[in-house]
Amino acid sequence: MAQVINIAPITRIEGHAQIAIKLDDDGNVADSKVHFQSLRGFEKFVEGKPAEEIPRIVNRICGICPWHHHLASNKAVDKCFGATPPPAGHKLRELMQTIAHAEDKLLHFFFLASADFVIGPDSDYKVRNVIGVAQANPELATKVVKTRQMTKMILEKFAGKAIHPVAGVVGGFAKPMVEEDRKEILAKMEEVLEFALFTINFAKTEVFPKYLDTVKTLGVITTGFLGTVDDQGALNLYDGKLRMMKPDGTFTDFSVDNYADYLGEHVEPYSYGKMPYAKFWNEGFSLDLDKPKGVYRSNCLARINVADKMATPLAQAELEEFRKLFGRPAQATLLYHWARLIEEVYACEHAIELLKDTSITDTNIRAKVEPKAGRGVGCVEAPRGTLIHDYSTDENGLITRANMIVGTTHNLGPINMSVNQAARLLIQKGKVDEGILNKIEMSVRAYDP
Amino acid sequence: MTAKVAEEWLNACSGCEISLVDMGERLLDVLQLVEFVHIPVLMDHKYYGQLGDKKHIHIPEADVGIISGGIRNKEHLEIAEEMRKQCKLIIALGTCATHGGIPALANSYTNNQVLDRYYSTETTDKPDTYPSEGLPELLDCTYALDEKIKVDVYLPGCPPHSDQVFSALAGLLTGNPAVLPNKSVCDTCPTVRKGKGDLKQLRRFLQSPHYNAPNEPIDKMHCLLEQGFLCMGPVTKGGCGGDSIHPRCISARVPCRGCYGPVKHDGNQMLDMLNALASNQIDIKSLPETTSLSRFSGAHHNLRPKK
C-alpha cells in the first residue's frame, strides 16, 4: 500500500523544514518533497521605513548570520543614498563579517553536523548530538566551546552586539578601532587560526576517511554553482563580481547590480520558500534528478568551486589538495563539510591580514549621508550563500520597494534533489529505520540550511 | 537530580538559540544540570515519533519549557499548546515570544498583502495560487505567546543576552527564577545627560554622534537623545548589556531601537515614546515615520492593517 514517511522537523539545521517521502505500492520511493515552512514577509514590511533603519531590521532574518544581512543591507542603502564609506569604514565591516564567518563554521561543524560523524549516523538520537559529542570527548568539547565563544565575543566586545548587530551604519561603521583593540583582536584571531588548522586536520584524518564511501554517494546531484570572486578570480566573501558556473565548469561573471537579469525565482506549491534558478541559461526550471534545469547551488562548496584560487596561502594549499582529490567543480554534497573547513582557514587568515594593516585604525570611518531617492543592490557572501538585498527609496529616503534573495534560498531546489536522491538510494522495498531517515537528513544538513 | 528541559522555536530567527550557545563554557555546566528532551536545533527528537508514523505532535514531559518566537501559523500554535501541556513552567525567550518582535511588523499588513509582495518580486515567476500543500496555514497575524498560552517567565531581548539566559536557567534549576528589573535602558545607560537644552527636532541617524576621542569611554559621551538622535532608551526595558551592564547599542555609539520591548510588559513603546517627546516639546513631526517605533512590540494588536 502506498505510504508517506514524514521527517518532521528536520533537526540540527537552522531553519524550519519537513520532509515527506511518498512510497509506491512496492515500498520504493515514488516522490519526495521538502516543505520549507517559514514565511515572514520582510520584503513587504520594510516598505515605508527609513532606509537607514533597514540594516537593523533585516538582520532579524537570521540569528545565525545577522552580520551578513546587516552588511548587505548597509551596502544597498549606501547605494540608494549615493554614499561612499571611507576605506576604514569598509575594512571594519569586512573584518566583522569575516570573523562572523569564522565563528559560524565552527558552530556548524561541531554543534550541528559532527554528531553524525563522531557518534555515527545510525546511533541513538539521544546521544547523536553535540551533548553526546561533549560527553564522549570532553577535552575537545571544552576547546571548541571556548574557541567559538571567544571568536563570537570579539564581535560583542568591539561592536556592541554580536547577534543582530548595529555597528554597520549607512556611510560606513559606527565606531573606530583603536590600536589596543587591533592588537587584542589580532592575537585572538591567531589563536582561532590555529584551531581552524587543528579542525581541518582532525576532519581529514579522523572524520572524512571513515565516510568516504558515504561522501561519494549520499545526496550526490549534478548542478551549477554561484559565488563571489575578486578581480583575480580569488574567493571573496565581502565584495566582488558574481560568478555562475555550469555543471561542465564553464562560467559567466556578472555584476550584482544586474542580478535580476541572471537569476529567477520559481515557486513550488509545497514550499513557502522560493527556488532561485539560473534564468539566463534559458532552460527553465526542473528538479529532475537526471535532467535538472536551471539548478545551481550556493554556500561554501559553490564558492570554492567557482573560485580560481584562494587569496591566502594556507587556504590555497587546502584548496589544491581538495581539487586533486575531487576535481573542479566537485559535486558530492557531503563535501560541503570539507569546503566549509577550507573557508574557515581562509576566514581566519583574511581577518589576520585585515588586522595587520594598521590603516584599519583610521578614525575616518563614516561619511555623512543625505537621504534621497535611489536604488541600491547590496551583496555579500553569507555562510549559506550569496546574499542579495535590493531596495528603492523615495525622496525622503523611505523604502518604496525591496527584494531579497537570501543565502539558503539558492539551495532550496538542490536540497529537494539531494533528499530525493538519498531517499531513492536508501529506501527500498519499504524498509525504513531511524538510521536511514537520519542519513537522508544528513544530505540536508550538509547545506547548513 | 537533573531537570528536564524542552525547547522550541516558532516564528523565530534562531538568534535566541545562538544566545543560549553563546553562554560558552557555562553551557557545559548547564548541561550537567539539565537533560534536554526536545530541542530541534541541537537534537533529533521528532514531532510524530522517530519514524514519523504518529498522527499528532508529541513533545516529552519536561520541568521547563523554553519557547522562542511568536505564533504565526497553525503548527506554531499546535506546538505551543503541546509545550504548555507537557511542561510545568513556560519561559518566553526573546522579544518575538514576549511581544512579537520584528516579524510582527507584518501585523501592519494583511496576509494577502504580504503574500502578494513576496510572490511578485522582480525575480519571482508569479504563481497562479500561493503554496499551501503540506504547509502550515498562516494565522491572521503574528501573536506573542501569552496571547495564546499561559507564560510563567518572560525573558525579552533580541536576543536576550547570554548572561541573562544563563542566570534564568540557573535560577530556575535552583528554584529562583530570575526576572529582569523594571528599569529602562536609560536607567542603565552611563552616558552624560545634561538635562537642559532647547532640542526641538530629532535627526535621523545619518552621521556619527559627537564624542571627543576614539577611545573616549561611553560614560563620557553626551546622551544620544540629547544630541538629537531618536533613541528608544526611555521606553525600553533595560538589561541588554548582561553582566557588563552598559546598553549594547550605546556601547557601539548607536542609539537604542527598543529590542527588549516595553519597560512594563503591557507598555506601548510607540505611544510612550511619542508622549515623552511631546512632553519635552520635541516636534514629533521631525520623525520620518512612527510605525517602526513599535518594531519590536507589534503583537498584542499594537500594529494592525490600515483600513
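Guide: Welcome! Two residues are in contact here if their C-beta atoms, placed from the backbone, lie within 7 Å. What you see is a predicted model, in which local features need pLDDT of at least 70 and side-chain atom pairs count only at pLDDT 80 or more, while totals for chains, interfaces and linings use all residues. Residues are numbered from 1 along each chain as its sequence is written, and chains are lettered from A and ligands numbered from 1 in the order in which they are written.

Visitor: With that definition, what share of the contacts in chain A joins residues 24 or more positions apart?

Guide: Among contacts in chain A with a separation of 6 or more, 70% are between residues 24 or more positions apart.

Visitor: How do you know whether the radius of gyration of chain A agrees with that of a compact globule?

Guide: The radius is taken over C-alpha atoms, and the globule rule is 2.2 Å times the number of residues to the power 0.38. For 449 residues the rule gives a value near 22 Å, and chain A has 21 Å, so the two agree. The C-alpha trace of chain A spans about 70 × 50 × 40 Å along its principal axes.

Visitor: Why is A:Gln97 called buried?

Guide: A residue is buried if 20 or more other C-beta atoms lie within 10 Å of its own, exposed if 12 or fewer, and partly exposed in between. A:Gln97 has 26 such neighbours inside 10 Å, so A:Gln97 counts as buried. You will find A:Gln97 in helix H3 of chain A. Leaving out residues up to four places away in sequence, A:Gln97 touches A:Trp67, A:His68, A:Leu71, A:Leu237, A:Tyr238 and A:Val380. A:Leu71 is 26 residues away along the chain, with 7.9 Å between the two C-alpha atoms. In chain A as a whole, 64% of the 449 residues are buried.

Visitor: Why is B:Gln281 called exposed?

Guide: B:Gln281 has 9 C-beta neighbours inside 10 Å, so B:Gln281 counts as exposed. B:Gln281 sits in the segment after helix H8 (269-279) of chain B, and its phi is near 60°, a positive value in a residue other than glycine. B:His301 is also in the segment after H8 of chain B. With 11 other C-beta atoms within 10 Å, B:His301 is exposed.

Visitor: How do you know which strand pairs with S12(A)?

Guide: Two strands pair if DSSP finds at least two bridges between them. S12(A) and strand S13 (residues 385-393) of chain A are joined by 9 bridges and run antiparallel. One bridge pairs A:Glu381 with A:Thr386 in S13(A). The two strands form a hairpin with 2 residues between them.

Visitor: What makes a set of residues a nonpolar core, and how many residues has the largest one?

Guide: A core is a set of buried Ala, Val, Leu, Ile, Met, Phe, Trp, Tyr and Cys residues joined through C-beta atoms within 7 Å. The largest has 242 residues, and those with the most contacts inside it include A:Met96, A:Ile388 and B:Ala92. Helix H3 (residues 87-118) of chain A gives the most to this core, with 17 residues.

Visitor: How do you know where this core lies relative to the domains of chain B?

Guide: Domain bounds come from an automatic or database domain assignment. Domain 1 (3-173) and domain 2 (181-307) of chain B both give residues to this core, so the core lies between them. The centres of these two domains, taken over C-alpha atoms, are 28 Å apart. In their contact, 25 residues of domain 1 of chain B meet 20 residues of domain 2 of chain B.

Visitor: And how many residues does each chain bring to the contact between chains A and B?

Guide: Chain B brings 72 residues and chain A brings 81.

Key. Helix = DSSP H or I, 4+ residues; strand = E, 2+ residues; numbered from the N terminus.
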